[in-house]
Amino acid sequence: MTDVERSVRGDAGAGPEDKAFGLGQAGAGAIHSKDPRAAAVRAVLWLVVGVLAVRQVAVVLRRPPGERLTDLETWTGATGVLHIAGSLYDPGRFTGTPFAGLVLKPLTVSAEQALGVVWTFGSLLLVVLLGYVVVRALPAPVSRSTAFLALPVAITLLMVSLPVRNTLHLGQISILPVLLVLIACFAVRGERLPGVLTGIAAALQPAVLLFAVFFWLTGRRRAALSGGVTFAVCTALAWVVMPRDSWAYWVHHLAGAGLGERPDSLANQSLHGALLRFGLQGPAEIAVFLALAAVVALLGLRRAARYARDGQLLLAVAITGCVAVAVSPTAWQHQLLWVLLAVVGRAGTRASDRLVWPAVVVLVLTLPGKMLLPNVGVLLPLRDNALLVAALGAACAVPFLSRTSPHWRRPVPTDHAKPVPARFARVPLLPFWRRVLSRPNLLLELLLIRVVYSAYAKVRLAATAGRPTAEEHGRQIHSAEQWLHIDIEHWANHAVVGIPWLRDFFDYYYSTFHFIVPLAILGVLYVRRPSDYRWARTTIGFATVLALVGFWLYPLAPPRLMPGLGFIDTVHGVQDLDSPDFGALTAVTNQYAAMPSLHFGWSLWCGVVIVLLARGTWMKVLGLLHPLFTVAAIVATGNHWVLDAVGGAAVVAAGFGLTYALAGPRRLRTGTGTGTGAGTDAAERPDREAGDVAGTPVPEAAGSKA
């Protein structure tokens, strides 16, 4: 066996720490058995795995027949395509290879209910086994904490990923080819058996045949030949048993390219599907697709071979799988599990950049594109092809580090000052909360803001108890304000309506400044005051989460939607309150999310941050005017009660309070116990941009004392 072959299998010159998975499960457990916090974290992670497994089973099995395991029932049910005498592909409902049909045909004798239960539990077991093999294949050396926690984390990521969820919903077999390839690469020895397993996987999913080329490029010629022969034998066997089906799949449908959904649908995340969505058709599209596929295959397989020789076999397998995703005529969502495996690649020499690639992969593989990117025209191609872009990035573009790089284990530190010890350091899962006085990674921050806002919008839309409850709460608020003698909404609303220029000003202010001002402040803080950016961003995040609780527990009709009170909706136009589906906005937003008012809450947050951080008096004055103008706008336009603004102020105050409780004061004492300046010298803080470039000292923290 050559050195190249040994390196591809991950055991070239490997010592006890350099073999796959480094310390091993037993060693990791022994090391952490006396660490109660590590044991508690691991227990929580395994609890999450259990909850996710139960939820997946419940989601699938609680659906009525016809809505669960839809592909499996279409194939094996009483009227499924595997029962009929004609071709599998005549109804256009079977999308697998003829060999897959041959394998699945015995399942038609099973009881439908029993098959659904067994199939679901079997798929979950495959996910667990897949996670185990992936963890064992992590490139060495593996840190002790990683070895201890990697398995539950890996299984959790697999279960929440879109490919696995889609596979469990449809009843597909797409987990099996991935598992067969990983077993071939990491769990079996020799050359013949790995090739056989890969050939069977390719017979189920033809694009996997690229792994035979990968074996050839990495010196495993017998495995490559064995894989090709096994694929040919399985395909020939299916051709002998089902000649008509094989002809329909391989010739009429060009290896299944015309089966399933329309190839130009968003579900097809291959180069072919993307080109069709961009408007290319006919011979021109085929020529461009073949040319791009050849380039991607050449670049991707060469990169995979290089990383395999470097000892990163799992990354090499992931890259090859991403190439298969891109060059396949069709790559449906349940076939994209290869992209998630690319999360093991290490990209970036700086510590702050090291999490960017894993975060992008996890977010793209777990969240729909609409949550990742806004509905902006220039971003639509990227949003609609996010999975393909991630696959292409892994295959051809992302500069993963070599194990010989000095930054493989020790990335360039990016902290501009020492991290501050967390509060509640003895509580499991909370010690990560540290005041790091550095600029966070921009891409991670943008993804975080976008994902959190999308989740906020979805929860806000779902948080409604119906119109009667909301109107009853509106009457309660109105009565309380009358008792307090602060019911000025009707007077303010009609006074503004009578002054057209003032009405237009408040309408514009209400619709525009709500988002622009907070985003502008966060942007300035990110560039000029990164240490202050962190606590400011955390504060507004806490306030928003608390507001969601209010929307859920207390749906409230704003004045403009209260029948019989005579309010005029100056922003949205006339609402037909006699119609149960009044207003154009009813279908797209929860109009009863009024208490607390985040319009006022966010504006108050802006004012507090500006007053605390701005140097000039005129800027502080503008900061104070913003919440004043906002409260006038929300009341005058009929969109909020006065008490809604009080609720907004309460959640913002709670947001500041939670941030203080977890991270301590914004300006903590230095190590000498006096002053509010930075606790490190300029020599320890080479990047001056971490502090206030205008000259204000960087707030340093000395720990949980304050």
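Does Met619 count as buried, exposed or partly exposed, and at what relative accessibility? With a relative accessibility of 34%, Met619 counts as partly exposed, where buried denotes under 20% relative accessible area, exposed over 50%, and partly exposed the range in between (1.4 Å probe, protein chains only). The structure is a predicted model, in which local features need pLDDT of at least 70 and side-chain atom pairs count only at pLDDT 80 or more, whereas totals for chains, interfaces and linings use all residues. Residues are numbered from 1 along each chain as its sequence is written, and side-chain values use heavy atoms, with hydrogens and water left out.

The protein chain contains 29 helices and 0 strands, these being DSSP runs numbered from the N terminus (helices: H or I, at least four residues; strands: E, at least two). Of its 706 residues, 50% are buried. Among contacts in the chain with a separation of 6 or more, 75% are accounted for by residues 24 or more positions apart, a contact being heavy atoms within 4.5 Å.

The largest nonpolar core comprises 121 residues, of which Leu130, Leu182 and Trp338 touch the most other members; such a core is a set of buried Ala, Val, Leu, Ile, Met, Phe, Trp, Tyr and Cys residues joined through side-chain atoms within 4.5 Å. Helix H16 (residues 313-327) gives the most to this core, contributing 13 residues. When neighbours within four places in sequence are set aside, Leu182 is in contact with Leu130, Val133, Val134, Ala187, Leu314, Val317 and Leu341. A second, separate core of 23 residues includes Tyr526, Trp535, Leu548 and Trp605.

Helices H25 (500-528) and H28 (617-636) are the elements that give two or more residues to the patch, and the largest share, 7 residues, comes from H28.

Asn385, by contrast, counts as buried at 5% relative accessibility and lies in the loop between helix H20 (380-384) and helix H21 (386-397). Apart from neighbours within four places in sequence, Asn385 is in contact with Gln269, Ala274, Arg277 and Phe278.
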